[in-house]
Amino acid sequence: MYDINQIRADFPILSRTIYNKPLVYLDNGATTQKPRQVVEAITNEYYNTNANVHRGVHFLSQQATELHEASRETVRRFINARSANEIIFTRGTTESINLLASTFAQSQMQSGDEVIVSVMEHHSNIVPWQLQAMQRGIVLRVIPMDDEGNLLLEEYGRLFSPKTKLVSIVHVSNVLGTVNPVKEMIATAHAHGVPVLVDGAQSIPHIPVDVQALDADFYVFSGHKVYGPTGVGVLYGKEDWLDKLPPYQGGGEMIQHVSFERTTFNELPFKFEAGTPDYIGTTGLAKALEYVSALGMNHIAAYEHELTEYALQRLMEIPDMRIFGQARERGGVISFLVGHIHHFDMGTLLDRLGIAVRTGHHCAQPLMERLGIEGTVRASFGLYNTKEEVDALVVGIDRVRKMF
Ligand code: PMP
């Protein structure tokens, strides 16, 4: 079923060398590599079907429109949304959150109203709210965590007030790997009559997600982190909520009728999709979701879980190893520091061995502050990584350690 050699053969880049060493790609949290199937679907559409969608009477335009709308249906099925009207295509997680922050704050919040986020958010789930805070005087409240990287749920419960209008939390931390209990957290918010946005950038590629089972009001993710192309992502929103929100950007596609006196807006999902959509990107994204679905998200999750357990155990064999994030439930993201070796030095020297890891604050500076550090080295796994690659990482780290 899960034939790792066959899977790796689908990703041409994995067989290249870096400085004459086989590539060990462990930066999947930043972006994932693309299988041949995705690249071929994109090429095929450019070669055979390319035409602007939605407005054309001609054959190609209609075929491109069908492909684009079929991709929306593929996304709907993948996250089990009730209706394809609830799937808004965006440029990615960042744009999805900005869209929501802007339209939600504009229509649902007043000065002094509050949004609850957590201490482990990516900057893209902090700064859009701060922009609204500057413009409209809304206030951010922050869920703290313990030293292992578990959010403190009792503290979370105490943050609610009559001024709380939204909870916006990450599903899986891109630094600690923590899988937050979002279902439980959504139930808590709903008990206070508050809707929830979930940042699924690091969950969608790794674990099965059912937005109805979670009862998420909004769920966002990026195509490029789930083996799809860059520049395309998703905002899922319950239809009732999306109906209540005003348009985000103005332009073509999002209108019903325009006159200088009065313009009326298109229905969902087009109300939020001004301009020519990335219809080639949506084809690539749908192909990527079909690819992971064919492997089975459960199988991917089980495979990556075993790999992560193995990696944690092997990494702990290294003297002076500090791993940040030992949450009760965790995904395949491992942040670490070794002794006093600077994360940047470790990353640079690992690179010379062909090992790609990320270094720095990972767009989570408030979390770094909470941990009392400036940055980490981060290894993050994808569905194609192997225990041999983990071994190469361990040998590499040990070599760097001995150099210092
Ligand atoms: N949230 C999380 C948890 C992430 O890991 C990332 C990407 N590092 C983002 C949001 C932003 O995603 P994008 O850059 O694709 O918009």
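**Figure 1. Surroundings of Pro 269 in the predicted model.** Pro 269 is placed in the loop that runs between β12 (264-265) and α10 (279-295). The peptide bond leading from Leu 268 into Pro 269 is cis, and its omega angle is near 0°. The structure shown here and in the views that follow is a predicted model.

**Figure 2. Backbone at Asn 20.** Asn 20 belongs to the loop between β1 (17-18) and β2 (21-22). The phi angle of Asn 20 is near 65°, which is a positive value in a residue other than glycine.

**Figure 3. The whole chain, for orientation.** The chain contains 14 helices and 17 strands. Along the principal axes, its C-alpha atoms occupy a box of roughly 70 × 55 × 35 Å. A compact globule of 404 residues would have a radius of gyration near 22 Å, and the 22 Å found for the chain agrees with that expectation. The domain assignment divides the chain into domain 1 (4-30 + 296-403) and domain 2 (40-294).

**Figure 4. Domain 1 against domain 2.** The centres of the two domains, taken over C-alpha atoms, are separated by 28 Å. In the contact between them, 36 residues of domain 1 meet 33 residues of domain 2. The size of an interface is often expressed as the accessible area that is lost when the parts come together. Between domain 1 and domain 2 the buried area is about 2,800 Å², and carbon and sulfur atoms contribute 56% of it. On the side of domain 1, the residues that lose the most area to domain 2 are Met 297, Leu 367 and Arg 370, which together account for 23% of what that side buries.

Figure 5. One salt bridge is counted between domain 1 and domain 2. Arg 370 forms a salt bridge with Asp 147, and the closest N and O atoms of this pair are 2.9 Å apart. On the side of domain 1 that touches domain 2, α11 (297-315), β14 (333-338) and α13 (365-371) each provide at least two residues. The largest share of that side, six residues, is supplied by α13. By residue class, the side of domain 1 that touches domain 2 comprises 18 nonpolar, 11 polar and seven charged residues.

**Figure 6. The salt bridge of Asp 27 and Arg 378.** The structure holds 20 salt bridges, and one of them is shown in this view. Asp 27 pairs with Arg 378 in a salt bridge whose closest N and O atoms are 3.6 Å apart. Asp 27 lies in the loop between β3 (24-25) and α2 (36-48), while Arg 378 lies in strand β17 (residues 376-380), so the pair ties together parts that are 351 residues apart in sequence.

Conventions: Residues are numbered from 1 along each chain as its sequence is written. This is a predicted model: local features need pLDDT of at least 70, side-chain atom pairs count only at pLDDT 80 or more; totals for chains, interfaces and linings use all residues. Side-chain values use heavy atoms; hydrogens and water are left out. Domain bounds come from an automatic or database domain assignment. Contact means heavy atoms within 4.5 Å. Buried area is the accessible area (1.4 Å probe) that two parts lose on being put together, summed over both. A salt bridge is a side-chain nitrogen of Lys or Arg within 4 Å of a carboxyl oxygen of Asp or Glu. Helices (H or I, at least four residues) and strands (E, at least two) are DSSP runs, numbered from the N terminus. Ala, Val, Leu, Ile, Met, Phe, Trp, Tyr, Cys and Pro count as nonpolar, Asp, Glu, Lys and Arg as charged, and the others, Gly among them, as polar. The radius of gyration is taken over C-alpha atoms; the globule rule is 2.2 Å times the number of residues to the power 0.38.
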